[in-house]
Amino acid sequence: MATLADTPARGPAGAARTLWREMNAIQRLALALAVILAVLALLAPVLAPFEPNAQSLMNRLRPPVGFERARPGYWLGTDELGRDLLSRCLYGLRLTLGLAFLGALIGLVIGGTLGLLAGVRGGRTDALVMGAVDTQIAVPFTLIALFVLVVFGNTIAVMVLVLGLYGWEQYARIVRGEVMKLMRMPFIEAARAAGAGPARIARVHLLPNLVSPLVVQFTLSLSNIILLESTLSFLGLGVQPPTATLGAMVGVGRDFMPTAPWIVLAPALSILIVTFAVQILGDWLRDRADPRLRKR
Amino acid sequence: MLRYALRTLARMAVTFLVIVTLVFFATRISGNPLDFILADGLTSEDRAILIRYYELDRSWWHQYLAFLRGFWDGQFGLSFIERRPVGTIVLERLWPTAQLLLSAMALTLALALPLGILAAMHRDRWIGSAVMTLAFLGYAVPNFVLAVFLILIFAYWLNWLPVVGNATAWHFILPTLTLASGLVAALTRFTRNAMLDVLGQDFMRTARAKGLSERAVILRHGLRNAGITILSVVGLQVAGLAAAGSVVVESIFAWPGIGELLVRSAIRRDYPVLQFGVLTVAFAVIVINALIDLAYAWADPRLRQRGA
Amino acid sequence: MSHLLKATALATSLAALIGAAQAQEITVVAGNMSSYLDPGRDHSNVGSQFYFNLFDPLIHRDYSKLEPEWLPGLAVSWQLVGPTTMELKLREGVKFHNGATMTADDVVFSLNRMFQATFPPYQVRQRDRLGNFDRAEKVDALTIRVHTKREETLWETLLNLQQLYIVPEAYIKALAGDPNAVENDDFEAWGLAPVGTGPYRLAEFVPGQRIVYERFDDFWGEPAPLARVTVRHVPEVASRLTALRTGEAHIATNIAPDQLALIEADPGLKAEGSNTALFHVVIFNVNHPKMQDPRIRRALSLAIDRDLMNEALWLGKAIIPSTHSIAEFGALYMPELKTFYYDPEEAKRLLAEAGYDGFEVVYDMHSPSYYTNDTLAAQAIMEMWAAVGVNGRINAIPKWTGNDPNMMARTWSNPMYFADPAGMFGVMWAPGGPAQSEGRFNTDADYAAAWERFRFSTDLEARKAAYAELMERIKNDPPLIPLWRPYESWAMRKEVSWRPQPGHIPYVLDFRAGAIALDAMN
């Protein structure tokens, strides 16, 4: 990582220690939370005490352990079909994070490719790509996402596609800008003259400059995608029941708010913590990567 | 400047046409609206009758041309479901949405600008971090979570505030709070960053050297210069957030606005309403953006020259 | 600040309440709201809420009774004057809400606009329930005759239908285009500004948002008990309950069983419920290549433990039918038939016999959720199918898939459109009816013959025998399984006395005299 390259190289462990020292308390908390949540999501199948979709119709809407009527072993209580909320939260977190990560990755690939094309080919390609970027910016993405899901059906594939389109224009702009800057540099001419192919130029000169802004953008869009996914799921446009995602759990649970608020509380808090942690980290990365902010 | 304005205008028109056309054809790919409206329990004979009646047997091109003709004669058709002119339906919902957005925007500006400046001035002190942490929290709470909890606490448990529709000023409180939370958070961060940018620049040092108080420097010079950046953010990012948020907020609070209308028409494939609604929203967004662009160009001399 | 808020809000709501009680005004918050108000075109569960306050049929019934007891409506008397002809004497001096006096011409127009429909949406209704009517004709200023094509056993039942409510001819014709001609646009405009003879007139209608009724002072019958009723669309159930608690509203519709405990716990609120006269059903596509074997569909049906779901999701308040029959049918109610039941072992046996190879059974349901408890039921059914080894998957989409050849199974509802098996099972499963026409149900000559005897036989026992025969066929080769008569609840403030009347079709919000009362504030 280019951001890491700025720190005196003393091996990865040393770099990590330096980074940790740079962070303030909140950022450390965010990092810790992010790591914990990532681990929880990855280990969901191991950690979850029950199958997330296993119902027990006669044990619906039981409160968390410690309350009256609680069902032993069901730590966070049960939901509207008697399923274990803890297990559903873990699997929901896993799916939400997985979808968001995949989406952000697809956005990076699409946006990066288009940006690269626009930057390298220039001319009409550039005009076309930038026109698309402008159009994209002009229309609020949530509306597009809603529209696409409604029109093409709410399957996982469409959901991934929609999330994958999120933020492509940001990546495209970053990559295009960097490529154009680079193309004007005299040393590129020199490298070309020395017989370096486009692949080599890209690897040696382009990538190092791109990594930092792209990582920042990736992190920032990750949290936005999580929010987007949960909003769409809340509106009933997410993945199909009974599959759990955090947003869908809040969406279904809201009818039970006055009677069984725990159904909403657990997934709502999970969304909040995830987005909060990722936001803080993204912002911290951006501040580090921005020379103007670093000077001060 | 004129050429710049004309170019902006031309780009707007193209964007507009692209959006409207995409929406037109994308909806039609996804199936016959009859299957979404009055579908169940029709014999094939009845189905054929209704398809003819709603003129859904015409080719897409025919329908598209009829739609484009609307720009000429102002006739965009009747809603499949409500059987009223789509213009009436969309227009009666514009004002409630505008009211909601404006009140949320007012609250946002009133909170976010001072908070952002505060965070910038005290960047390295606890107050700066506190503001920013709050801002992150505000951004991390999804609208729908906030709405659900606000309703539960302030309406259901405490019975302080009404939640149905937009009849009185009291009805504005919860939806506005819900919508503004994310906007305040976003704008606070942008304001802070824009101010940090400006605070480090030469003219600020000059201003300080002239002996102006820090307060005066920040308010008079800093804010004015950061204002351009903030303005563009209000236009784009915040407008986007607001549009997205209003869909959720309107749905939850039974607010008779255009966001809820668009979602419902999309779900039920009420093409005429959907087309005209998208057209209206796209038009509004594009015009607002263009105005901001122009203001931006007017405020930034370098850009003005580039355009000329 | 908070105290101020609270005090103000309370004062406002109290004032509103007191004012409401004095002025006989109420607000209803409804989970669903009509997009148009045309009783002829509409047969939705949403629309049925609203027409009864505005319109009258020729023949009323005592809606407080389950058993049909016919009462004079806009006709004061009626008698058969031939095997296929009924003569009706009209009530004198009935006023429409626009001030016009109802004439025999209005009545003939109202009936013939449906019997000999030219407006396509009416043609659809004509075919699915009014097919046996030929025409209506005027005899003199206060007498009309109605002719059927074949002998009819359901005269009163059909003339009581919402589709045959009486509407003003001249008013409708003048709505669009030529004021003396019937045009499609007249009926389109009519749906936004309907005028009837009922005890309330429509003071305001914003489609999808709000309906305001006002007492109609020239009503021919007992005056409306309320001066003004506002019905608002509030989709969120938590918001509807909140509106009741804050006093913004007096009645809230569409309350799920899970919320009932909450209402009972609130000293200011109460709930009224009833088993709505409709079935939530699962329909199968008998022509889907993988679903053709009746044993597969029988197994899917036998695997569903409806009683368990009733216990868990409906608090035991739903009614689980043993066959496609409900008490409203009166003499034709046949609970003794055992068409649908739970037997997982038999289901497993049938699946093995049919050679079920684990293929995925896609279960379509409406999205967003449409019926009370539908999402919960769908998930529970998937679990029950899994228990007998069937691999089911939910596919929630906003689209109607009943006519899609790829549809395998789907949730739906089968309302009682009128109190006879012909008005419930018959509207959907008649030979050549919607189910068959959409390609997911087949009938043969035997079925058609049994149908014929069931529908048109004048002998009650013959009708019953024929219906039993139809049910036996449905049992052996099921195109559907009725899940339950849902228990639907309305929550209201204690001072409101209202309950759903058993003689109505589903969901009718009846605010006529005798159906609703407001207690004085205590």
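Buried area is the accessible area, found with a 1.4 Å probe, that two parts lose on being put together, summed over both. In this predicted model, local features need pLDDT of at least 70 and side-chain atom pairs count only at pLDDT 80 or more, while totals for chains, interfaces and linings use all residues. Residues are numbered from 1 along each chain as its sequence is written, chains are lettered from A in the order in which they are written, and side-chain values use heavy atoms, with hydrogens and water left out.

The area buried between chain B and chain C is about 4100 Å². Carbon and sulfur atoms give 59% of this area. On the chain B side, Tyr53(B), Tyr156(B) and Trp160(B) lose the most area to chain C, and together they account for 18% of what that side buries. Contact (heavy atoms within 4.5 Å) involves 43 residues of chain B and 46 residues of chain C.

Three salt bridges are counted between chain B and chain C, a salt bridge being a side-chain nitrogen of Lys or Arg within 4 Å of a carboxyl oxygen of Asp or Glu. One of them joins Arg127(C) to Asp46(B), with the closest N and O atoms 2.6 Å apart. Helices here are DSSP runs (H or I, at least four residues), numbered from the N terminus. Two or more residues of the side of chain B that touches chain C come from each of helix H2 (44–53), helix H4 (86–121), H6, H7 and H9 of chain B. H2(B) gives the most, with seven residues. By class, this side has 23 nonpolar, eight polar and twelve charged residues. Nonpolar here covers Ala, Val, Leu, Ile, Met, Phe, Trp, Tyr, Cys and Pro; charged covers Asp, Glu, Lys and Arg; the others, Gly among them, count as polar.

Chain B also meets chain A, through 45 residues of chain B and 41 residues of chain A. These two chains bury about 3900 Å² between them, 75% of it on carbon and sulfur atoms. Zero salt bridges are found across this interface. Among the elements of chain B that each supply at least two residues to the side touching chain A are helix H1 (2–29), helix H9 (214–252) and helix H11 (271–299). That side divides into 31 nonpolar, eight polar and six charged residues.

Within chain A, helix H13 (residues 262–289) has 28 residues and reaches 40 Å from its first C-alpha to its last.

Methods:
Expected span 1.5 Å × (residues − 1).
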